Amino acid sequence: MATDKKEPKGTAKRDTLREIEVEMQKYWEENKIFEANAPKEGEPVPPKYMATFPFPYMNGRLHLGHSFSLSKVEFAIGYERLKGKRTLFPFGFHCTGMPIKACADKLKNEIELFGQNFEKYYEQQNENDEPAQAANKPKHSKIAAKSGSYKYQFQTMLSLGIPIEEIHKFADPVYWLYYFPPRAIDDLKNFGVKVDWRRSFITTDVNPYYDSFVRWQFNRLKNHEKPKIKFGERYTVYSIKDGQACMDHDRSTGEGVGVQEYTGIKLEILQDEITKPDSEKDTYDGVPVGDLLAKNIDKFGGRKLYMVAATLRPETMYGQTNCFVGVDIEYGVYQVNDKECYICTERAAKNMAYQGLFEKRGEIVKLLDLKGSDLVGVPLKAPLTPYEKVYTLPMEGVSPKKGTGVVTSVPSDAPADYITLCDLKKKHEYYKINLKWVENFEPIPIIKTPNFGDLAAKTACEKLKIRSQKDKQQLELAKEQVYKEGFYSGTLIVGKYAGKPVQEAKNIIKKEMVEQGLAITYCEPEGLVISRSGDECIVSLMDQWFLDYGEPTWKAQAEKCLSQMNTYGEETRNAFQKTLDWLNQWACSRSFGLGSRLPWDPQYLIESLSDSTIYMAYYTVAHFLQSNALDGSKGGLANIKPEELTEPVWDYIFIDDAPFPETTIPKEKLESIRHEFQYFYPLDLRCSGKDLVTNHLTFFIYNHVALFPEKYWPKGVRSNGHLLLNSEKMSKSTGNFITLIDAIKKFGADATRIALADAGDTMDDANFVEDNANAAILRLFTQKEWMEEVLKGIEEGKFRDGEYNFNDKVFENEMNKFILAADEAYNNMYYRDALKYSFFELQSSRDRYRDACADDKMHKDLLNRFIEVQALLLEPIATHFSEYIWRILLKKEGSITNAKFPEITKPVEEGILHASSYVRDLIRDIRVDEQNAQKKKKKGAQPVNSKNAKLFVALKYPEWQDESVAILKECWDEESKSFVKNEKEALAKKGLLKNKKVMPFVAALKKNVINNGSHAFDRRLDFEEMEVLEENKKFILRSLNLENITIVNNHEVTEENSTPEEVRKASMAVPGKPMFIRI
């Protein structure tokens, strides 16, 4: 332990604190401080508190973002321990899913390409003489670590600090499971977390105990009285390369992206017209319309050709006037079956091939490549429109990355379609189109709306003064307004469903069009999704096992659970509710990766978000089953073998009314395990980043309500924003990134914890500021040195004892006040506020006390009290520092983590606090007034150097003020919290308006009352002003550099006994605002 008094230099302060941290951690581990067990029979049963953090994925080291979210749990656990609860903070490690397997496969390929130690890569680099690549050489791996942009997986491994000669071992995905979790434990121990490590484990079937638990969970869900797992055909995001569904945690890009369903409108190409002789056909840009199609007509084998346009508004197809393509977009003609071909982008064709739309699943037969320009002018037959023939036209802004690349045009109800059609009519020569393709095609009224009439797009464009296709922002606004009004308030006025609301007609019309062969159902991802293997994903219609989230009865249970949970803010609650509103069937099986297998269909693995929903229950019993081996290779306290954990055994552990099973496990062992679960459950708190609300945390609710009775449903979830580093996004590619262990090495554990507490508490992104961490090092070290000095001084009798004086009482009250404020902040998980009261404000109070006692000694009892209170209040956040103060400096028995949260010595006396603020404000105001007065004097004027002064104190307010207050009281209405009468009339009657001071005073008081309530009318001081000034006379003299000060009641000042200036000053004094003058 570093306790010498030499002034540290450079990093010595940090290193001193770090030595303390290491010693405190050693003490905790040796004494098993954070191991928590349910009370045995006959023992007292203290209240419990169990909190968890979503177990991190083990494909790398923990970073500061992990530690920010888990710090919320850590601080909560520390606080609840001090409040007398038996706390449990377990920590596991997630290895299920694709990421590890995908990275291992990449390494396997790179080893085949470059050799075991990637020698050939460096040989190639030397041959190519590319110095920019030097950072990737093993000897420069520290440089490589600062950049996150790597072409090869082995370069990423180098950046993690893994020696080049060891990287080949990671080609085995199982090796990852034994490499990163132990290092994560070391990092977290260095961070000082209050974790019971006996309960730690890794997931996947490598761990037979956890594997058995997950299989039990899924059998319970499938065999539920209302089965929660079903099998059937459904649309899902899918990786062709991986050959399986690509769920959120299988993605490197696109987490949270779902499936977008469109209606694919089949616009039939009129082949008779495009195969006419060129002399009879229109031209586009000097080429006969449909020329490329006509020349390749034999390739299509007599099949009908359809341009497929993806739309979200099938009910508007009655208003089609044409279709649009992007002239530079690459399209293809794709064989559907022996009767039809579709024209669309290749991206769309890939989606279609896996949705049962092509003859053979996954087989794409492209018959012809063509560009949008080859399609302009092609005549079409469009379903439902009254126009017998429409044309294909060019449009700016058609995206090949959304829909099919073909856009059907409904200018009556789509602002972009309307303005483009207008553009084409006005500038047909510029766009190189034939006028007849557009001139006789007018918008068709199809939907009547309250605010936009029956030509909504035209009306919106006129209202927003949209002139061309280039007015993109205004067009987006018009689209939003028109689509919203059309859907929610529109009524169809054409077709067989005329008179029906759009909301009702939409799906009916789509269903009929699909049944009649006029349209298809087409799906694609809502946005870009890239799998961990680097594949751009599509949407596939496939048979799969899925969790039936969204099923009404199950959803109602989840909503009930949410309504009872503490979400520590409405933003999180609203995010949960929105997720419950849209979430439905979730694929829970896949074929590739690591994990546990579906017990009834072992060809499939359980998806990574689905095997991690109730593992908090496993934490409660894990140490009985496995111990000292994360993979379960060693048995736990109960010495139970994995094969003994049958479903009836799991039922007995977790289901209260389950019968005792037929088993070789002794009953007393199972009873102990069951008791452990029943004591620690339900889960009191789960902390996570806000991004997990839309998947993991909502699944967590769903699975708990399905598998456990209401008394075991989770009680609280707290979500937070992401963590910025020095106000910028953390990113390996920019180098603005730091791992947890690197932060500890740089700042120490407690300074890192303080900076994390100070980073923020809302769902907005928080900010870890390195300057704050450095400042925390200095503050902690300075505080440590001061405490050591004070405690030595107490032993040597250097401080005062006896009765408390005014400043003692102020300090005692301020400590009590900050104890209460910190207690409330900790209870509400506002850790920035808790840090403020426990550390910064408390120390500022100590500083003020020390300053006030410069002429007298500080009181030894209060100094002891301060040091103890400081240690206890800061313990949840700066645990090591507090433990050092408690055990080493204060020489207390046992760990501070088992102590009690400080209690106030007596109720806070606000009057004393107000009196203290009054004295400080008085000194500050006098200084400011004198500085301002000196600035106004002419240059060269001498400052007032008198060491004598008078302070004029008013014991009551001027009569005109009291009369004004009385009048304002009569004008105030307490029920409406407003002034309901005109005070000027009453003030005038009293003759008060003659005094120029009255109206400014009245205006200020009115504002104060409106802002703070009617108690602002009461201006009485809650302390004796003269007494307070007399008690603080020495402090005032020293603060203002005076030798003498006379405190005078202003009613005793007369023209006979005072100077004119003294009379003037005395007349300006009011209670709480004395007037000062040097004499």
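Modeller: Helices here are DSSP runs of H or I with at least four residues, and strands are E runs of at least two. The model is predicted.

Biologist: How many helices and strands does the protein chain have?

Modeller: Both counts cover the protein chain. The secondary structure comes to 35 helices and 34 strands.

Biologist: What share of the residues of the protein chain counts as buried?

Modeller: Buried means under 20% relative accessible area. The chain has 1079 residues. The share of them that counts as buried is 55%.

Biologist: How far apart are the end C-alpha atoms of helix α1?

Modeller: Helix α1 covers residues 12–30, which is 19 residues. At 1.5 Å a residue, they should span 27 Å. The model agrees, with the end C-alpha atoms apart by 27 Å.

Biologist: Which helices are included in what covers the buried residues of α1?

Modeller: The buried residues of α1 include Leu17, Ile20, Met24 and Trp28. An α-helix has 3.6 residues a turn, so residues three or four places apart point the same way. The cover over the buried residues of α1 includes α7, α22, α23, α24 and α28.

Biologist: Which residue follows α1, with a positive phi?

Modeller: Its phi is near 50°. The residue is Lys32.

Biologist: Is Ser563 buried or exposed?

Modeller: Ser563 sits in helix α16, residues 552–564. Its relative accessible area is 53%. The cut-off for exposed is over 50%, so Ser563 is exposed.

Biologist: What distance separates the C-alpha atoms of Ser563 and Gln577?

Modeller: Ser563 and Gln577 are 14 residues apart along the chain. Their C-alpha atoms are separated by 9.6 Å.

Conventions. Residues are numbered from 1 along each chain as its sequence is written. This is a predicted model: local features need pLDDT of at least 70, side-chain atom pairs count only at pLDDT 80 or more; totals for chains, interfaces and linings use all residues. Side-chain values use heavy atoms; hydrogens and water are left out. Buried means under 20% relative accessible area, exposed over 50%, partly exposed in between (1.4 Å probe, protein chains only). The expected span of a helix is 1.5 Å times one less than its number of residues. Contact means heavy atoms within 4.5 Å.
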